[in-house]
Amino acid sequence: MSKLLFAAFNEGAKLSMTGDHEAAISFFDKVLAVDAKHFPALIAKGSSLAQLGRAQEALRCFERAIEVDPSAADPHRDAALCQLELGEPEAAAELMERAIQLNGDPGYREASAIEVYERGNALLTRGPRRPDKARYRQARHTFELALELAPAYVEAAKALADVWEHLGDTAQRDQYTQLASRLRPKGA
């Protein structure tokens, strides 16, 4: 049976890498039907669901993966990213903090900050209409988390200045504009 699980998982991974996430999910489901605690299948299914914009379903996969292996950093980070998509910045911050505790590598922290920043940027750039105040507030929390993860992240500071401009708080805008200028590398 393990060869069949391995083959099903590999087929799902291959489909996921080619962007056929719906088909990939069906293979991950086959694996999970036999072994509900198959950690790689839980993570892979969650990732495919996230790629399809199904954050709530993806979150459930990552939460299940955390139950299976609470010492793994990635499902905590991935669950945090889902929470950001769902507009839950406080829950996202807690999960991200735990991920960083589990993987203290500075590169992991910086990569996580970039992923968080990209979520904030997506809030302001996707969709057919201009962002409203609610989306700017949600983006603010997201960019603040990115800056918390990487305090020297210039783009996050600049994004916060822009968000505060749209929210009408010039004092906060000026604070983050100054921070961004101080963070800018010499000669840039």
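Me: Which residues does Y117 contact, leaving aside its neighbours within four places in sequence?
Reply: Y117 is in contact with F143, A146, Y153, E155, A156 and A159, its neighbours within four places being left out. Contact means heavy atoms within 4.5 Å. This is a predicted model: local features need pLDDT of at least 70, side-chain atom pairs count only at pLDDT 80 or more, and totals for chains, interfaces and linings use all residues. Residues are numbered from 1 along each chain as its sequence is written, and side-chain values use heavy atoms, with hydrogens and water left out.

Me: Why is Y117 called buried?
Reply: Its relative accessible area is 15%. Buried means under 20% relative accessible area, exposed means over 50%, and partly exposed is in between (1.4 Å probe, protein chains only). Y117 therefore counts as buried.

Me: Where is Y117 found, and what separates its C-alpha atom from that of F28?
Reply: Y117 is in helix 7, residues 106-125. Helices are DSSP runs (H or I, at least four residues), as are strands (E, at least two), numbered from the N terminus. The C-alpha atoms of Y117 and F28 are separated by 29 Å. Along the chain these two are 89 residues apart.

Me: What makes R140 buried?
Reply: R140 has 19% relative accessibility, so it falls under the limit for buried. R140 lies in helix 8, residues 133-149. Not counting residues up to four places away in sequence, R140 touches L160, V163, W164 and L167.

Me: Why does D78 count as buried?
Reply: The value for D78 is 11% relative accessibility, so the buried class applies. D78 sits in helix 5, residues 73-85. Neighbours within four places aside, D78 is in contact with I43 and F62.

Me: Why is the link between the side chains of D78 and R77 called a polar contact?
Reply: The distance is 3.0 Å, side chain to side chain. A polar contact is a pair of N or O atoms within 3.5 Å; within protein, one must be able to donate a hydrogen and the other to accept it. Residues adjacent in sequence count only if both atoms are side-chain atoms. The D78–R77 pair therefore qualifies.

Me: Are C61 and C82 buried or exposed?
Reply: C61 has 8% relative accessibility, so it counts as buried. C82 is also buried, with a relative accessible area of 3%.

Me: What share of the protein is buried?
Reply: Buried residues make up 43% of the 188 residues.
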